[in-house]
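Work through the exercises below with the sequence and the model at hand. Try each task before reading its solution.

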Amino acid sequence: MKINRRTMVKTSVGFGAGLAFCAHASRSAHADDTSTTHFDDSTVRTLARDLASKGYKPPRKDLPDALVHMSFDQFSAIQFNSEKALWKQDNLAFDVEFFPRGYLYKQLIDVYEVHDGTARPVNYTADMFTSKDPSLNLTGGEGFSGLRIRYALNHPGVMEECAVFLGASYFRAVAKGQTYGLSARGFAKDTGTPTGEEFPTFRSFWLEKPVPGSQSLILHALMDSPSLTGAFRFTIRPGETTLFDVQSSFFPRTDITAGGIAPLTGMYYFDANDRTHINDWRPAAHDSEALQIWTGAGQNIYRPLTNPTDLQLSSFSDAGPYGYGLMQRKRNFHDYEDLALHYEKRPSLWVEPIGNWGEGGVQLVEIPTPSEVNDNIVSFWRPNQPLKAGQSYNFTYRMYWGWDTPWPTHLARIHDTRVGAVTDHPEKVQFVLDFDGEPFRTLPSDTAYHLLAQSSAGEISAITIMPNPEINGVRAFFQLDPGAAKLCELHVQLANAQGPLSETWLYRWTA
């Protein structure tokens with residue numbers, strides 16, 4: 001188990017590196033650039049639109065060999081001088097530190113500070129970074145690859161990371177009391193397709209200087225790739241739940257049929273539902289345990305994740321969804337027993353569309369992984385209609401980085417999913433579902449429950465329900481005989497005499 005690689009930064013399947021773009025002209029990464037330009041809320045959108053009308057040009061990534069071939073440990077040993085943080089001396093609620101170039105993050109990004117309608121470059125200086133590794137020479141690595149936003153999230157007056165933008169269009173955040181886990185990104189292109197994925201990149205950032213007393217930070221980003229450009233405006237509010245209000249605009253250079261809006265990326269290695277090929281001493285290891293969807297029709301879907309043997313693609317068609325997210329519900333240390341990685345403290349991430357996104361579907365991509373180092377889960381919204389070259393598309397949404405969904409529910413919820421063998425019947429699969437939640441606190445103790453269960457193939461049998469006083473809920477057992485089927489889509493709800501009273505549990509079983 002590579003503990004250090006999960007405590008700082010994860011290598012994604014196809015994880016891109018941070019890129020940079022100077023909006024008006026290539027500029028030096030060195031100090032002494034004091035030029036200023038006008039900036040308002042339309043600036044980045046105009047830059048993205050104009051850039052899309054031109055051919056794609058890759059960003060700078062020239063570096064000395066020592067920095068190109070730097071190891072993870074060497075990259076981790078580089079420290080930012082906190083006294084050089086942006087706004088360090090201004091007594092604001094936020095300050096900003098930066099990442100060096102090297103390792104996976106070779107591309108130069110440009111960073112600007114916006115104040116009173118004017119954008120000024122944030123310049124690299126040689127005293128910003130030092131290394132604990134005496135063999136590493138940082139000379140020639142001028143410039144930034146990403147940035148971290150700091151805020152007194154857990155203790156008054158103690159500045160801590162609350163959000164990081166580093167690598168391609170990846171970013172991640174935490175709420176109070178949490179540690180880093182899953183990531184988000186600006187756009188997903190051809191994820192899970194045979195053609196291979198394209199990774200758009202944030203090439204420039206603009207940080208609006210907050211006014212004294214403000215508890216929110218506005219960051220703008222310019223995204224670029226061979227297929228499209230994009231403009232983003234993030235309003236970030238850290239707290240018990242950390243909120244990102246996101247305004248995004250996309251300008252395709254080519255027609256895009258396999259695009260993904262508001263992508264979420266995480267790691268699922270194993271849990272009690274999926275550990276037949278895992279030999280590990282812990283009960284579970286994952287950033288997220290399930291995809292959750294609140295459909296436009298009002299259905300609440302809970303889909304446990306798996307680490308499949310082969311690439312799995314799932315699509316949940318919808319119109320006007322209320323939201324979706326990759327969720328981490330297990331919040332007890334003993335669910336994971338990992339003193340180093342603390343999966344119980346990792347955020348769930350919920351996406352709430354603002355305005356009607358129309359017809360499309362929430363997509364789920366599950367990629368086989370042999371370890372917990374790789375991000376192997378991706379989920380995003382895909383519109384039914386392709387994004388056409390020469391057009392513009394706007395999507396506004398709110399992201400909730402926190403402990404659960406942002407809305408309460410009266411439904412019973414899935415507490416756990418367990419899958420195993422059936423003694424003396426190797427052809428069958430045993431499923432055990434635990435339900436908890438409000439119904440078990442409000443309904444009479446003698447309420448009779450039954451299971452509404454169906455499968456796309458095979459046969460479901462041996463359904464049993466019993467009280468589970470350990471969670472103040474119920475436990476449901478059933479068996480699946482798949483017959484000759486290699487794949488079964490399962491659909492289960494808990495019900496009483498008045499009808500369904502739980503969220504909808506969906507599961508894909510594969511041979």
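Two strands pair if DSSP finds at least two bridges between them. Helices (H or I, at least four residues) and strands (E, at least two) are DSSP runs, numbered from the N terminus. The model is predicted: local features need pLDDT of at least 70, side-chain atom pairs count only at pLDDT 80 or more, and totals for chains, interfaces and linings use all residues. Residues are numbered from 1 along each chain as its sequence is written, and side-chain values use heavy atoms, with hydrogens and water left out.

**Exercise 1. Strand S34 and its partners**

Task: find which strands S31, S35 and S36 join to S34 by bridges, and in which direction they run.

Solution.
- Start with S31 (residues 450-455). Six bridges join S31 to S34, and the two run antiparallel. Leu 452 has Gln 493 of S34 as its bridge partner.
- Go on to S36 (residues 504-510). Six bridges connect S34 with S36, again antiparallel. Cys 488 is partnered by Trp 509 in S36.
- Then take S35 (residues 499-500). Two bridges join S34 to S35, which run antiparallel. Ala 495 stands opposite Pro 500. A hairpin of two residues connects S34 to S35.
- Check the burial of S34 (residues 487-496). Buried means under 20% relative accessible area, exposed over 50%, partly exposed in between (1.4 Å probe, protein chains only). Seven of the 10 residues of S34 are buried, and the strand is mostly covered.

**Exercise 2. An open sheet**

Task: in what order do the strands of the open sheet of four strands stand?

Solution.
- The order is S29-S30-S33-S32, with antiparallel pairing.
- S29 and S32 (459-468) are at the edges with a single partner strand each, so one side of each has no neighbour in the sheet.
- Neighbouring strands of this sheet are turned by 20 degrees against each other on average, direction ignored. Axes here are lines fitted to C-alpha atoms, for helices over the stretch in contact; angles run from 0 to 180 degrees between N-to-C directions.
- Seven bridges join S30 to S33. Across them, Phe 431 stands opposite Phe 478.

**Exercise 3. Aromatic pairs**

Task: how many aromatic pairs does a search of the whole structure find? Then classify Trp 350 with Trp 407, and Phe 431 with Phe 478.

Solution.
- Set the rule. Rings of Phe, Tyr and Trp (its six-membered ring) pair if their centres lie within 6.5 Å; planes under 30 degrees apart count as stacked, over 60 as edge-to-face and the rest as tilted.
- The search gives 42 aromatic pairs.
- For Trp 350 and Trp 407, the centres are 5.7 Å apart and the planes stand at 70 degrees, so the pair is edge-to-face.
- This pair links distant parts of the chain: Trp 350 is in S24 (residues 348-354), Trp 407 in the loop between S28 (393-402) and S29 (412-421), 57 residues apart.
- Trp 350 is buried at 1% relative accessibility. Trp 407 is buried at 15%.
- Phe 431 and Phe 478 are stacked: 5.0 Å centre to centre, with 5 degrees between the planes.
- Phe 431 lies in S30 (residues 429-437) and Phe 478 in S33 (residues 473-481), so the pair ties together parts 47 residues apart in sequence. Both Phe 431 and Phe 478 are buried.

**Exercise 4. Salt bridges**

Task: what is the count of salt bridges? Then place the pairs Asp 245 with Arg 398 and Lys 388 with Asp 255.

Solution.
- A salt bridge is a side-chain nitrogen of Lys or Arg within 4 Å of a carboxyl oxygen of Asp or Glu. The count comes to 30.
- Asp 245 and Arg 398 meet at 2.6 Å, N to O. Asp 245 lies in S16 (residues 242-252) and Arg 398 in S28, so the pair ties together parts 153 residues apart in sequence. Arg 398 is partly exposed at 25% relative accessibility.
- For Lys 388 and Asp 255, the closest N and O atoms are 3.9 Å apart. Lys 388 lies in the loop between S27 (377-383) and S28, and Asp 255 in the loop between S16 and S17 (259-266), so the pair ties together parts 133 residues apart in sequence.
- Lys 388 is partly exposed at 41%, and Asp 255 is partly exposed at 45%.
- Finish with the network: salt bridges link Asp 271, Lys 330, Asp 416, Arg 418, Asp 434 and Arg 475.
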